Amino acid sequence: MFRSIVETSPMPTAVIDGASFRCLYANATMRALGLEAGHPLADRFPEVSADRIAEALSRAEGTRLRISGPEEVSWNLELAALDGGPTLLVTLRPAESESTETAHHHAREVSHRVKNTLQLVSSLLTLQTLSAKDPDMRRAFQEACSRIGTVTQAHQRVHAAARGSLVDFGAYLSDACREMESHFAVGGPERRIAVTVEQAMLPVDSVIPLALIVNELVGNATKYAYAAGSPGDIEVSLVPQEGGRRLTVADHGRGLPQGFEVARADSLGMKVARAFAGQLKGKLRAEPNVPGARFVLDLPF
């Protein structure tokens with residue numbers, strides 16, 4: 001799950017072995033910069049020697065370095081030791097300097113590559129879906145495609161706001177729910193999704209995790225709330241409250257199973273929602289909607 005979180009980070013991020021300084025795994029953005037699993041960090045970024053890493057860790061500070069690309073760009077390299085192990089989390093952030101405009105240009109190029117990579121993965125999964133004969137296997141591939149599509153859409157929003165620290169999540173939420181609604185209408189019962197959003201300018205780092213939570217909760221409502229072949233409405237809201245915001249996904253269907261608890265639910269969708277709710281330091285709970293069910297996520301921002 002931690003690796004999945006690294007993969008969805010919009011910043012170039014990798015996990016490095018603390019002894020050999022070789023890359024254990026890197027997200028798509030870091031791979032686009034040339035750092036692959038198994039490669040020493042210094043091979044891609046020669047400025048980062050073992051001595052400089054040790055010095056930076058001893059001061060608990062980041063190290064500034066330059067990487068070669070189409071143009072020379074300044075970056076801040078941030079290092080953090082992971083809990084109790086010999087591994088390091090490495091993150092690159094464009095440094096604000098005289099080359100800021102160049103850094104933004106390079107970031108746009110990297111973002112475009114990430115988007116293309118996500119679309120390629122989605123296409124491959126779609127082909128795999130078409131070739132799968134087992135219904136459960138097809139469903140699993142379809143759900144994976146849906147999650148990748150959600151990440152791609154959210155990534156586009158993040159990239160569009162790359163020069164700022166906030167993203168208009170309300171516009172994203174309305175567009176995403178409208179697209180899900182049209183998708184459900186093809187070959188299945190009508191599922192209307194009503195969206196209520198107020199003051200939804202959110203921190204950039206929260207967009208992709210929150211988008212995935214919405215995707216999972218709305219997906220669960222469409223699959224389980226109503227009888228097969230029956231129409232049904234879903235309500236999604238994101239509104240301010242004291243100390244933060246509240247996301248709600250509600251339906252008017254058959255309700256939750258007897259004894260259902262969010263903390264004990266073992267479906268992949270609920271595990272994903274729980275994990276990203278924890279990443280956002282939010283509190284996720286389920287409650288009756290009379291009739292139906294309601295999932296509520298209280299966020300601290």
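Biologist: Is Asp298 buried or exposed?

Modeller: Asp298 is buried, at a relative accessible area of 17%. Buried means under 20% relative accessible area, exposed over 50%, and partly exposed in between, with a 1.4 Å probe and protein chains only. Please note that this is a predicted model, in which local features need pLDDT of at least 70 and side-chain atom pairs count only at pLDDT 80 or more, while totals for chains, interfaces and linings use all residues. Residues are numbered from 1 along each chain as its sequence is written, and side-chain values use heavy atoms, with hydrogens and water left out.

Biologist: Which side chain makes a polar contact with Asp298?

Modeller: The side chain of Arg285 does, at 3.0 Å. A polar contact is a pair of N or O atoms within 3.5 Å; within protein, one must be able to donate a hydrogen and the other to accept it, and residues adjacent in sequence count only if both atoms are side-chain atoms.

Biologist: And which residues is Asp298 in contact with, leaving aside neighbours within four places in sequence?

Modeller: Asp298 is in contact with Gln241, Arg245, Arg246, Gly282, Lys283 and Arg285. Contact means heavy atoms within 4.5 Å.

Biologist: Where is the place of Asp298?

Modeller: Asp298 is in strand 12. Helices (H or I, at least four residues) and strands (E, at least two) are DSSP runs, numbered from the N terminus. Lys283 stands opposite Asp298.

Biologist: How many bridges join strand 11 to strand 12?

Modeller: Six bridges join strand 11 (residues 283–288) to strand 12 (residues 293–299), and the two run antiparallel. Strands pair if DSSP finds at least two bridges between them. The two strands form a hairpin with four residues between them, and Val290 in the turn has a positive phi of about 50°.

Biologist: Turning to aromatics, how many pairs does a search of the whole structure find?

Modeller: The search finds two aromatic pairs. In one, the ring centres of Phe169 and Tyr172 are 5.3 Å apart with planes at 45°, so the pair is tilted. Rings of Phe, Tyr and Trp (its six-membered ring) pair if their centres lie within 6.5 Å; planes under 30 degrees apart count as stacked, over 60 as edge-to-face and the rest as tilted. Phe169 and Tyr172 both lie in helix 7 (residues 169–184), three residues apart, about one turn of the helix. Phe169 is buried at 0% relative accessibility, and Tyr172 is buried at 4%.

Biologist: What about the rings of Phe260 and Phe295?

Modeller: Their centres are 6.0 Å apart and their planes stand at 85°, so the pair is edge-to-face. This pair links distant parts of the chain, 35 residues apart: Phe260 is in the loop between strand 10 (244–251) and helix 9 (268–279), and Phe295 is in strand 12. Phe260 is partly exposed at 28% relative accessible area, whereas Phe295 is buried at 10%.

Biologist: How many disulfides are there?

Modeller: The count comes to zero disulfides, a disulfide being a pair of cysteine sulfur atoms within 2.5 Å. Cys23 is buried, with a relative accessible area of 3%, and Cys177 is buried at 1%.

Biologist: Finally, what does the secondary structure of the chain come to?

Modeller: The protein chain has nine helices and 12 strands. Buried residues make up 44% of its 301 residues.
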